[in-house]
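Student: Could we go through this one together, starting with the charged side chains and then moving on to another residue?

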Amino acid sequence: MSTPKRIFVKGNEAISRGALAAGVKCFFGYPITPQNDIPEFMSTAMFEAGGQFVQAESEVAAANMLLGAAGCGIRAMTSSSSPGMSLKQEAISYMAGSELPGVLVNVSRGGPGLGDIGPSQGDYFQSVKGGGHGDYKLLVLAPGTVQEAYDLTIKAFDLAFKYRNPVLVLADAIIGQMKEPVVPWVPENLDPNEGQDWGLQGAKDRDPRLLKSLFLDDGALAGQNQKLQAKYQAMQAEVDQELFLTEDAELVVVAFGSIGRIVKSTIRKLRAQGHKVGLVRPITLFPFPSEVLLNLAKEGKRFLTIEHNMGQMVEDVRLSIRTVADSAFHGQLPGNLPTPDDFEEPILKALEG
């Protein structure tokens, strides 16, 4: 049995390669650090793969190009970083309202405003609560390794078409810029007729189709919102998380993405010292692993949420366990690059109660 071939790549390149493996046909880019490796890689790789690459004139244009390509029922993607994602929100809301599948990647950076080009998790609210107008949700996937960046990008395309909904891969400057081994793979059985039953590819020999997010008839918008909410409820089936040493843990730390993997290193060190701590790392931020957290709370676990922001995901943790427990919080200031040592003291303090 041959050993699977491994490649040594940055997270940004892994995301790009994952998109190509998933059969992306169009990529729309605009430069902003720390995601620039993605449009740079795709500018040649898309042509080599027989797809289309467009260097848009702005983030707004790139997002609306994604909307247009998604309306044709083809696999398409755009990427950016925090300030750029803010500019894309109008088009994302239109895509959600029109039920169009598309993949967006946010390699987030420090904020608010232009912030800096270092890592941050300050875009959690924007990602999971719907950063634009109206009641909508994105499926949000948060990789914690470069391999996951590859894997979850492939998954993002499948979920986008399964639910006809935008899907966001939320990485950060740590995941995007770090290099790790990746085992590439290509999904099997991609449906060649995907999107053909609703997309706009020309109305020859069939009835015209209409994709829209404007509903002016009496009761029409209420009906559309009811339909969307039912879809978001169905997305709960996609919830995913990593559980690490939670079985006998007295304290469960909840952390996602790059911070989740750094906290995992801290927990290994504390476990070696005899401290009973564990980790829940949400891989899907929407849907959020509320039931998993609630079940741990019912077992009597205590909780500490650690984020690279001033307190965003902790609100969802507290909502999940509010009937039986609460969560302490430790926020790593955006602008500072954390190490495992930075989390020892807050974890030990929470463990002492």
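**Charged pairs and an aspartate**

Tutor: Glutamate 299 is exposed, with a relative accessible area of 54%, where exposed means over 50%, buried under 20% and partly exposed in between (1.4 Å probe, protein chains only). Before going on, note that this is a predicted model in which local features need pLDDT of at least 70 and side-chain atom pairs count only at pLDDT 80 or more, whereas totals for chains, interfaces and linings use all residues. Residues are numbered from 1 along each chain as its sequence is written, and side-chain values use heavy atoms, with hydrogens and water left out.

Student: Which residue forms a salt bridge with glutamate 299?

Tutor: That is lysine 301, with the closest N and O atoms 3.9 Å apart; a salt bridge here is a side-chain nitrogen of Lys or Arg within 4 Å of a carboxyl oxygen of Asp or Glu. Lysine 301 has a relative accessible area of 7% and is therefore buried.

Student: And how many salt bridges does the structure hold?

Tutor: It holds 17 salt bridges. One of them is between the side chains of arginine 281 and glutamate 148, at 2.8 Å from N to O. This pair links distant parts of the chain, 133 residues apart, with arginine 281 in strand E11 (residues 277–282) and glutamate 148 in helix H7 (residues 146–163); helices (H or I, at least four residues) and strands (E, at least two) are DSSP runs, numbered from the N terminus.

Student: Is arginine 281 buried or exposed?

Tutor: Arginine 281 counts as buried because its relative accessibility is 5%, and glutamate 148 is buried as well, at 15%.

Student: What about glutamate 180, which residue does it pair with?

Tutor: Glutamate 180 forms a salt bridge with arginine 261, the closest N and O atoms lying 2.5 Å apart. That pair also links distant parts of the chain, 81 residues apart, from strand E8 (residues 179–182) to helix H10 (residues 257–272). Arginine 261 is partly exposed, with a relative accessible area of 25%.

Student: Changing topic, where is aspartate 172 found?

Tutor: Aspartate 172 is in strand E7 (residues 166–172), and at 2% relative accessibility it counts as buried. A polar atom of its side chain lies 3.0 Å from the backbone nitrogen of isoleucine 175.

Student: Which residues is aspartate 172 in contact with, leaving aside neighbours within four places in sequence?

Tutor: With contact meaning heavy atoms within 4.5 Å, the residues that aspartate 172 touches beyond those neighbours are Val107, Ser108, Pro119, Ser120, Gln121 and Ser258.

Definitions and conventions:
Polar contact = N/O pair within 3.5 Å; in protein donor to acceptor, adjacent residues only side chain to side chain.
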